Amino acid sequence: MDLVKQFIEAAKGLGQTVVLPEGADSRVVAAARRLVDEQIAEPIILGTLAEIEQAAGQAGVSTAGVRAVDPTASDAFAKYTSAYAADRGLKESVAKRMVARPVFFGGMMVKCGDADTMVAGVSTATANVIQAGALTVGYAPGITTASSFFLMILPEFRGQKDCPLVFADCAVNIAPTPEQLADIALASAASAAKLLGEEARVAMLSFSTQGSAAHGCVEQVTRALQIIRERAPDVQIDGEFQADTALMPQVAAKKIKRPSAVAGKANVLVFPDLNSGNIGYKLTQYLAGARAIGPFLQGFAKPISDLSRGASVDDIVATVAVCLAQTREAATT
């Protein structure tokens, strides 16, 4: 059973809640139907009743047993508005306009503990999902950068079938600063620890291994490593490594002459920029036959995630399952 199927099975019957702000989209309503029917989660769809019923008709599904909430008509609207105004130091009139937006209303549901997670993006720009997450749920302690990761499931790697790796950041930050790279690495370590069932071993990637090349791009990575070691010295993060050094024990043994818990054993790859991250995950997907699941947002105080505009019903359900897995792990740590 692959990792996502494990997450789906583990969620069944637990009654966890996910808010889906895009109730006018037929894929969202169809995914909500499946979440209910398979007892994966209790979805809360945001939108007007007319919008949701129209989307259900397009999807050919019933909304029976699916909770629908019209944000501005909700009894919780005033509570969320007051909480948002207090958090952001805004006038109530300004807060009301923000919380009326479904993705902000959904974020406040998660912030206030009325939903376990939020999944959006089929009709909302990634930047808007990130903005809503940052302004409602907020960032995890010590993190100031939203980023993303992919779960890459390789058919076979290092003697393991369906081997999961985390790739970051492959979707959000184009040219991260050393401080942002440090945030990405630490958020990725936290994501991997929640999802992979083993300790995160994070490799900071470069075209250089331990000073084998000198360039400003390499210095960005080495500076990020210095920041990480100052902020979180106990996290297993090492570099700068070329990809083969990070992944292959036999290569690491030749290139690294000091003890490393990461070299040759990495399960998290942090790319130095979006060019390399996006190229890297797509090459792995299409040349190695890996399954690329995501991107998932990370760095927030509670798990929320983005969806691609072309997400299928299966994609939405999988994303919900992964987000819910993170909430369960957070509750036990």
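Biologist: Does Y139 count as buried, exposed or partly exposed, and which is it at its relative accessibility?

Modeller: The model is a predicted one. Buried means under 20% relative accessible area and exposed means over 50%, with partly exposed in between. The relative accessibility of Y139 is 30%, so Y139 counts as partly exposed.

Biologist: How is the pair formed by the rings of Y139 and F300 classed?

Modeller: A search of the whole structure finds six aromatic pairs. In the pair of Y139 and F300, the ring centres are 5.5 Å apart and the planes meet at 10 degrees. Planes under 30 degrees apart count as stacked, so the class of this pair is stacked.

Biologist: How many residues apart in sequence are the parts that Y139 and F300 tie together?

Modeller: Y139 lies in the loop between α7 (126-135) and β5 (147-157). F300 is in the loop between β10 and β11 (304-306). The pair therefore ties together parts whose separation in sequence is 161 residues.

Biologist: Is F300 buried or exposed?

Modeller: The cut-off for buried is under 20% relative accessible area. F300 has a relative accessible area of 8%, so F300 is buried.

Biologist: What is the class of the aromatic pair of F149 and F296?

Modeller: The two rings are 5.2 Å apart, centre to centre, with 35 degrees between the planes. Under 30 degrees would count as stacked and over 60 as edge-to-face. The pair is classed as tilted.

Biologist: Which strands hold F149 and F296?

Modeller: The pair ties together parts that are 147 residues apart in sequence, because its two residues lie in two strands. F149 is buried at a relative accessible area of 0%, and F296 is also buried, at 0% relative accessibility. The strand of F149 is β5 and that of F296 is β10.

Biologist: Which element gives the largest share of the lining of the largest pocket?

Modeller: The largest pocket has a volume of about 470 Å³. Its lining has 23 residues, and among the closest to its centre are L186 and A187. α8 (178-195), β10 (291-298) and α13 (313-332) each supply at least two residues of the lining. The largest share, six residues, comes from α8.

Biologist: How many of the residues of α8 are buried?

Modeller: α8 has 18 residues and reaches 26 Å from its first C-alpha to its last. This helix is largely enclosed by the rest of the structure, because the number of its residues that are buried is 13.

Technical notes. Residues numbered from 1 in each chain as written. Predicted model: local features only at pLDDT ≥ 70, side-chain atom pairs only at ≥ 80, totals over all residues. Heavy atoms only, no water. 1 Å grid on protein atoms, 1.4 Å probe; cavity = no way out; pocket = protein on both sides within 12 Å on 5 of 7 lines; lining within 4 Å. Points joined across faces, edges and corners; volume = space filled by probe spheres on them. Helix = DSSP H or I, 4+ residues; strand = E, 2+ residues; numbered from the N terminus. Expected span 1.5 Å × (residues − 1). Buried < 20%, exposed > 50% of the residue type's maximum accessible area, 1.4 Å probe, protein only. Phe/Tyr/Trp six-rings, centres within 6.5 Å; stacked < 30°, edge-to-face > 60°.
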